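Subject: The structure for you to look at

Hi,

Here is the structure I promised to pass on. Have a look at it first, then read my notes below.

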Amino acid sequence: MELLKERILREASVINNDVLKLDALLNHQVDPQLTMAMGNEFARRYSEHSITKVITVESSGIPVGFTTALALGVPLLFARRKKTLIADPDALTERVPSFTKGIVTDIMVSRQFLTGSDTVLFIDDIIANGDAARGLIKIIERSGAKLAGLGIVVEKSFQAGARTIREQGIRVESLVQIASLEGGHIQFL
């Protein structure tokens with residue numbers, strides 16, 4: 001997606017050889033027009049599937065997940081990272097490390113909202129090592145739902161996350177693939 005590449009080059013900043021800061025686009029501030037374009041693109045790429053829900057992990061995946069769900073005309077479901085007092089005690093839960101946060105958290109999805117009758121499209125903002133993605137995929141599998149595929153806004157191809165998911169036979173569509181952040185320069189695939 002050329003528009004996204006242009007915006008990344010203009011507005012993102014390379015923190016180090018492994019970390020790209022996308023706060024101006026995805027993680028702190030959200031551009032509604034760009035986010036709509038991303039959601040429409042994911043909807044187009046997965047239009048041949050009978051998607052019943054879009055699923056993501058809170059919080060950075062929510063804006064693009066929402067616009068994708070809107071374009072597909074289906075609900076958005078997001079895995080929560082924090083347990084609340086009113087959380088489903090029987091929720092599907094998986095413990096996952098976060099690459100950018102440097103912590104381990106539990107992600108959870110209520111069984112009420114994810115069932116064997118669902119075909120889901122998993123949308124996420126960035127994939128690095130893929131730990132959170134693999135955790136949510138396990139939750140989807142345990143629910144009995146069918147996973148149509150994974151839509152990633154920014155794939156860091158120099159890290160193993162997306163590759164290991166593709167090796168599981170799961171379709172992964174990335175809007176942008178970054179080959180390297182070496183020397184503070186963003187290199188696209």
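Before the annotated sites, a word on what a UniProt position is: the positions are given in the numbering used here, the feature names are shortened, and the annotations may be inferred rather than shown by experiment. With that in mind, UniProt places the feature "binding site" (unreviewed entry) at Leu20, Asn27 and Lys156. I come back to some of these further down.

Two notes on how things were worked out. This is a predicted model, so local features need pLDDT of at least 70 and side-chain atom pairs count only at pLDDT 80 or more, while totals for chains, interfaces and linings use all residues. Residues are numbered from 1 along each chain as its sequence is written, and side-chain values use heavy atoms, with hydrogens and water left out.

**The whole protein**

The secondary structure comes to six helices and ten strands; helices (H or I, at least four residues) and strands (E, at least two) are DSSP runs, numbered from the N terminus. The radius of gyration is 16 Å, close to the 16 Å that the globule rule gives for 189 residues, so the protein is as compact as a globular protein of that length. (That radius is taken over C-alpha atoms, and the rule is 2.2 Å times the number of residues to the power 0.38.) Along the principal axes, the C-alpha atoms fill a box of roughly 45 × 35 × 30 Å.

Of the 189 residues, 47% count as buried. Buried means under 20% relative accessible area, exposed means over 50%, and partly exposed is in between (1.4 Å probe, protein chains only). As for contacts (heavy atoms within 4.5 Å), residues 24 or more positions apart account for 65% of those with a separation of 6 or more.

β7 and β8 pair in the parallel sense over eight bridges; two strands pair if DSSP finds at least two bridges between them. Leu121 stands opposite Gly149 in β8. From β7 the chain crosses through helix α5 (residues 131-143) to β8, a right-handed β-α-β crossover. Right-handed here means that, with the strands pointing away from the viewer, the path from the first strand over the helix to the second runs clockwise.

β8 also pairs with strand β9 (residues 172-180), in the parallel sense over six bridges. The bridge partner of Glu155 in β9 is Gln177. Here the chain crosses from β8 through helix α6 (residues 161-167) to β9, and this β-α-β crossover is right-handed.

Is β8 enclosed or open? Nine of its eleven residues are buried, so β8 is largely enclosed by the rest of the structure.

Thr119 lies in β7 and is buried, with a relative accessible area of 14%. Leaving aside neighbours within four places in sequence, Thr119 is in contact with Ser50, Ile51, Thr52, Lys53, Lys146 and Ala148.

**Helix α4**

Which residues of helix α4 (residues 62-72) are buried? They are Val64, Gly65, Thr67, Thr68 and Ala69. What covers them includes α2 (23-27), α3 (32-45), β3 (53-57), β4 (76-79), β7 (119-127) and β8 (146-156). After α4 comes Gly73, whose phi is positive, near 75°.

**Back to the annotated residues**

Asn27 is found in helix α2 and, at 28% relative accessibility, counts as partly exposed. Apart from neighbours within four places in sequence, Asn27 is in contact with Leu22, Ser60, Asp125 and Ile126. Lys156 has its place in strand β8 and is buried, with a relative accessible area of 5%.

The UniProt annotation "binding site" (unreviewed entry) also covers Ala128, Asn129, Gly130, Asp131 and Ala132. Gly130 is found in the loop between β7 and α5 and counts as buried, at 7% relative accessibility. Asp131 is found in helix α5 and is partly exposed, with a relative accessible area of 27%. Not counting residues up to four places away in sequence, Asp131 touches Val96 and Pro97.
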